There are 2 protein chains.
Amino acid sequence: MIAPGRPDATTSSSLEALALALETSGDVGLRERKKRARRESLIDATQRLVERDGIDSVTVEAICEAAGVSTRTFFNYFESKDDALLGHVPWPVSPVAAARFVEGGPSGDLLVDLEELLATVIEQQPAGHERFRRAIALVAHEPRLLARHMAWFESHRSEIHQLVEQRLGPAPSVDPETVASIAMLLVHATAQRWESTGADSDPRAHLAAVVAEVRALFAGDLR
Amino acid sequence: MIAPGRPDATTSSSLEALALALETSGDVGLRERKKRARRESLIDATQRLVERDGIDSVTVEAICEAAGVSTRTFFNYFESKDDALLGHVPWPVSPVAAARFVEGGPSGDLLVDLEELLATVIEQQPAGHERFRRAIALVAHEPRLLARHMAWFESHRSEIHQLVEQRLGPAPSVDPETVASIAMLLVHATAQRWESTGADSDPRAHLAAVVAEVRALFAGDLR
DNA sequence: GTGCAACTTTGCATTCGACGCAATATCGGC
DNA sequence: GCCGATATTGCGTCGAATGCAAAGTTGCAC
């Protein structure tokens, strides 16, 4: 990890995107800030071009030209073109929320606490809600992206899996794998509804609605 | 480059597969049977080579040499190398079971009937249980394949989605999207357990166990 | 500010997946 | 046996992705 440093020493730069990104993450050295700025500008360039021309008419070369870096550099930042398009960026689970969940809190009921954990995760989306919604929208009508998106989710699935395993202990009453899959389903369904109803709606409310529906389904209340 | 003249010794095995496939589906013309046979032998060759050498050391060219077809033909059969590896083959929902589900049967409870529908789907796996298990095993420790696998599932998801929509009518008590996602989750979790416990176990039992776990989770029975 | 070490970017070459196209071979029906 | 329909094949091409080593930046100590 990186220790928080001095307040932002504003360096005058001619690049707008660079300057913007520099001020939003003013904590570490110039090298690190430049790195983040480039990553952001690559994601921006990718999403902008794809929105205009469609996913398959946009080459990595074109993206790099727009962002002003070499194509080789692109692949220093992203494993694939699709990753840049979806703006896949590390999305950590808050250690505080995770610890509370593992210890059996806050309510004591597994599902309720899982819901709480997921809510904090969703709210802490680092890249900003706007980009997250854009990614969900892209996924919604590009099947190929859904695949990549799920793979990304998968890395989180294993994190949730571990937390559930820790909470349940050595003789789990339910398969942690299953719980983790459920968690991913809830996040995905919530994101989808959130996307289709507008960014200003409350993600927690959507999450609660999804949980309620699934509960009704499994309670045998539906015909 | 390659000088693919007459088929060499390696084709003998694929000829066996060809003969096998020819006799197992004796209903349509020779042309159709040959087509299926080739598809089977390509899947076989792909899985065999990948099991031996690892996914990234196996080129499409190598697969085609082993199966005795041109690389161009490979892509007449599969959209991608990964599809051949997973043995993705059309997996239709039985129209009879689907109709019964849509009409509100057999039990009247949405979840119970969904379970029944999925059970028939799983049991009717066309490619044979053995290959299905191999695919699940591959997916389990090759993250990249998970993506493709999910995309394949996605096409089924939309089919389930339609059935649920038809059953629930114009004012659905639950989002059909969510139900479809749940269905895919159940199938996937069931497949995973089935794979890890041996092919001779009963898939229906695994499905029932998964459903029971999720039900307990949403009933608030778990801590 | 000079210089050195660590890290990044970049150009270049290469491999391989995937597709379009046109020529050739095969099948099915008559 | 011939002809239309369908499948296979070879060839050319595009573009994603990676390894490698040279050139460029940044961080840091003095």
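A: **The interface between chains A and B**

Between them, chain A and chain B bury about 3000 Å², and 70% of this falls on carbon and sulfur atoms. Buried area here is the accessible area (1.4 Å probe) that two parts lose on being put together, summed over both. On the chain A side, the residues that lose the most area to chain B are A:Leu217, A:Phe218 and A:Arg223, together 24% of what that side buries.

This is a predicted model, in which local features need pLDDT of at least 70 and side-chain atom pairs count only at pLDDT 80 or more, while totals for chains, interfaces and linings use all residues. Residues are numbered from 1 along each chain as its sequence is written, chains are lettered from A and ligands numbered from 1 in the order in which they are written, and side-chain values use heavy atoms, with hydrogens and water left out.

In terms of contact (heavy atoms within 4.5 Å), 29 residues of chain A meet 28 residues of chain B. The two chains share 2 salt bridges, a salt bridge being a side-chain nitrogen of Lys or Arg within 4 Å of a carboxyl oxygen of Asp or Glu. A:Arg193 pairs with B:Asp175 in a salt bridge whose closest N and O atoms are 3.5 Å apart. There are also 8 residue pairs in polar contact between chain A and chain B, both residues at pLDDT 80 or more. A polar contact is a pair of N or O atoms within 3.5 Å; within protein, one must be able to donate a hydrogen and the other to accept it, and residues adjacent in sequence count only if both atoms are side-chain atoms.

The elements of chain A that each supply at least two residues to the side touching chain B are helix H7 (110–123), helix H9 (143–168), helix H10 (176–197) and helix H11 (203–219). Helices (H or I, at least four residues) and strands (E, at least two) are DSSP runs, numbered from the N terminus. H9(A) makes the largest contribution to this side of chain A, 7 residues. Sorted by class, the side of chain A that touches chain B holds 14 nonpolar, 5 polar and 10 charged residues. In this sorting, Ala, Val, Leu, Ile, Met, Phe, Trp, Tyr, Cys and Pro are nonpolar, Asp, Glu, Lys and Arg are charged, and the others, Gly among them, are polar.

Salt bridges also occur within each chain. In chain A, A:Glu123 and A:Arg204 form one, with the closest N and O atoms 3.0 Å apart. A:Glu123 is in helix H7 and A:Arg204 in helix H11 of chain A, so this pair ties together parts that are 81 residues apart in sequence. A:Glu123 is partly exposed at 36% relative accessibility; buried means under 20% relative accessible area, exposed over 50%, and partly exposed in between (1.4 Å probe, protein chains only). A:Arg204 is also partly exposed, at 32%.

In chain B, B:Glu116 and B:Arg204 form a salt bridge, the closest N and O atoms being 3.2 Å apart. B:Glu116 belongs to helix H7 (residues 110–123) and B:Arg204 to helix H11 of chain B, so the pair ties together parts that are 88 residues apart in sequence. The values are 25% for B:Glu116, partly exposed, and 33% for B:Arg204, partly exposed.

A further chain B salt bridge joins the side chains of B:Arg193 and B:Glu213 (3.0 Å, N to O). B:Arg193 lies in helix H10 (residues 176–197) and B:Glu213 in helix H11 of chain B, so the pair ties together parts that are 20 residues apart in sequence. B:Arg193 is buried, with a relative accessible area of 16%, and B:Glu213 counts as buried at 16% relative accessibility.

B:Arg193 also touches B:His206, a residue of helix H11 (residues 203–219) of chain B. B:His206 counts as buried at 14% relative accessibility. Its side chain makes a polar contact of 3.1 Å with the side chain of B:Thr197.

Technical notes:
Lists of a residue's contacts leave out its neighbours within four places in sequence.
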